[in-house]
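Colleague: I have a structure open that is new to me, and I would like to learn how to read its features one at a time. Could you take me through them?

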Amino acid sequence: MIIDPSQLSLPQNSQLVTGSVVPRPIAWVSTIAPDGSYNLAPFSYFMAIGADPPQLAFSVNWRVRANSKKDTLSNIEASGELVINVATEATAEKMNHTSGEWGPEVDEFSAVGLTPLPSVKVKAPRVAESPVNIECRLNQIVRLGSEKAPAHLIIVEAVLWHVRDDLLTPQNTIDVKKLHAIGRLSYNYYTRTNELFEMVRPQV
Ligand SMILES: Cc1cc2nc3c(=O)[nH]c(=O)nc-3n(C[C@H](O)[C@H](O)[C@H](O)COP(=O)(O)O)c2cc1C
């Protein structure tokens, strides 16, 4: 079957995207608003860009029903800072809970019972319950798509990592076997990362 996205509705195209780009890692993004209140929400349109220096990106879509920007985007536009917390099996339920479409006055840390910890290089708090927190500074925001429901690609530089000690290998790398990160699929499906296999790249 051939599917032409120009013939589909926005929800149908969302399903095409989220059903084809799988599994997606989850950036659990904490930010601070100009009035000092905390915000936390998950974003699975998330990718690594490069390592020199470390750069990451995620995309904040338009809140179509309310026809408004999401709080994460407003806070990053105002502060230029954020923390990306890695979502794991242990925090899956709470991560999902923080995706509730609450207004800017709601601090998702208190709403779902998570502990904000101070960051070192940025003002945004980090999630104590997440084993990896990445402090980031904004590089640029690229507005893409339609006027009615634009996506905002947020490109950041990662400036400081906090990694729980027990996750570190003797070489000081992150042991993904212990991390138990989760990934997003489509609809309400997620995947675990506990069934691994290895492949060595060809030496040519
Ligand atoms: C696992 C998961 C992944 C999500 N990924 C995205 C995403 O990549 N982009 C997006 O705009 N919304 C995404 N959402 C929805 C946002 O988390 C949701 O709109 C949230 O209310 C935004 O919060 P904010 O207004 O505090 O920024 C996702 C939700 C879940 C549960």
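Modeller: What follows is a conversation that goes from the whole chain to the ligand and then to some local features.
This is a predicted model, in which local features need pLDDT of at least 70 and side-chain atom pairs count only at pLDDT 80 or more, while totals for chains, interfaces and linings use all residues. Residues are numbered from 1 along each chain as its sequence is written, and side-chain values use heavy atoms, with hydrogens and water left out.

Colleague: How many helices and strands does the chain have?

Modeller: Helices (H or I, at least four residues) and strands (E, at least two) are DSSP runs, numbered from the N terminus. Here the chain holds five helices and twelve strands.

Colleague: What does the radius of gyration say about the chain?

Modeller: The radius of gyration is taken over C-alpha atoms, and the globule rule is 2.2 Å times the number of residues to the power 0.38. For 204 residues a compact globule would have a value near 17 Å, and the chain agrees because its own value is 17 Å. Along the principal axes, the C-alpha atoms fill a box of roughly 50 × 50 × 35 Å.

Colleague: Which residues come nearest to the ligand?

Modeller: A residue is near a molecule if one of its heavy atoms lies within 4 Å of it. There are 22 residues around the ligand, and Asn61, Arg63, Lys70, Thr72 and Glu101 come nearest. For classes, Ala, Val, Leu, Ile, Met, Phe, Trp, Tyr, Cys and Pro count as nonpolar, Asp, Glu, Lys and Arg as charged, and the others, Gly among them, as polar. The shell has eight nonpolar, eight polar and six charged residues. Strand 3 (38–43) gives the most, with four residues, and strand 5 (54–60), helix 2 (71–79) and helix 3 (92–97) are among the elements that each supply at least two.

Colleague: Which protein atoms lie at 2.8 Å or 2.5 Å from an oxygen atom of the ligand?

Modeller: A polar contact is a pair of N or O atoms within 3.5 Å; within protein, one must be able to donate a hydrogen and the other to accept it, and residues adjacent in sequence count only if both atoms are side-chain atoms. A ligand oxygen is 2.8 Å from a polar backbone atom of Pro42, and a ligand oxygen is 2.8 Å from an N or O atom in the side chain of Lys70. For the side chain of Thr72, the distance from one of its N or O atoms to a ligand oxygen is 2.5 Å. The protein covers 93% of the 640 Å² of accessible area that the ligand has on its own.

Colleague: Is Thr72 buried or exposed?

Modeller: Thr72, which is found in helix 2, counts as buried because its relative accessibility is 1%. Its side chain makes a polar contact with the side chain of Asn39 at 3.4 Å. Contact means heavy atoms within 4.5 Å, and, leaving aside neighbours within four places in sequence, Thr72 is in contact with Val29, Thr31, Asn39, Ala41, Phe43 and Phe58. Besides Thr72, the buried residues of helix 2 are Asp71, Leu73, Asn75 and Ile76, and what covers the buried residues of helix 2 includes strand 2 (27–32), strand 6 (81–86) and strand 9 (132–144).

Colleague: Where are the cis peptide bonds?

Modeller: One joins Val22 and Pro23, with omega about -15°, and another joins Asp52 and Pro53, with omega about 0°. Pro23 lies in the loop between helix 1 (10–20) and strand 1 (24–25), and is exposed at a relative accessible area of 51%. Pro53 lies in the loop between strand 4 (46–51) and strand 5.

Colleague: Which residues have a positive phi although they are not glycines?

Modeller: Asn67 has a phi of about 50° and sits in the loop between strand 5 and helix 2, while Asn172 has a phi of about 65° and is found in the loop between strand 10 (151–163) and helix 5 (176–179). Asn67 counts as exposed at 56% relative accessibility, and Asn172 is exposed at 60%.

Key. Accessible areas come from the Shrake-Rupley method with a 1.4 Å probe; for residues, only the protein chains shown count as cover. Buried means under 20% relative accessible area, exposed over 50%, partly exposed in between (1.4 Å probe, protein chains only).
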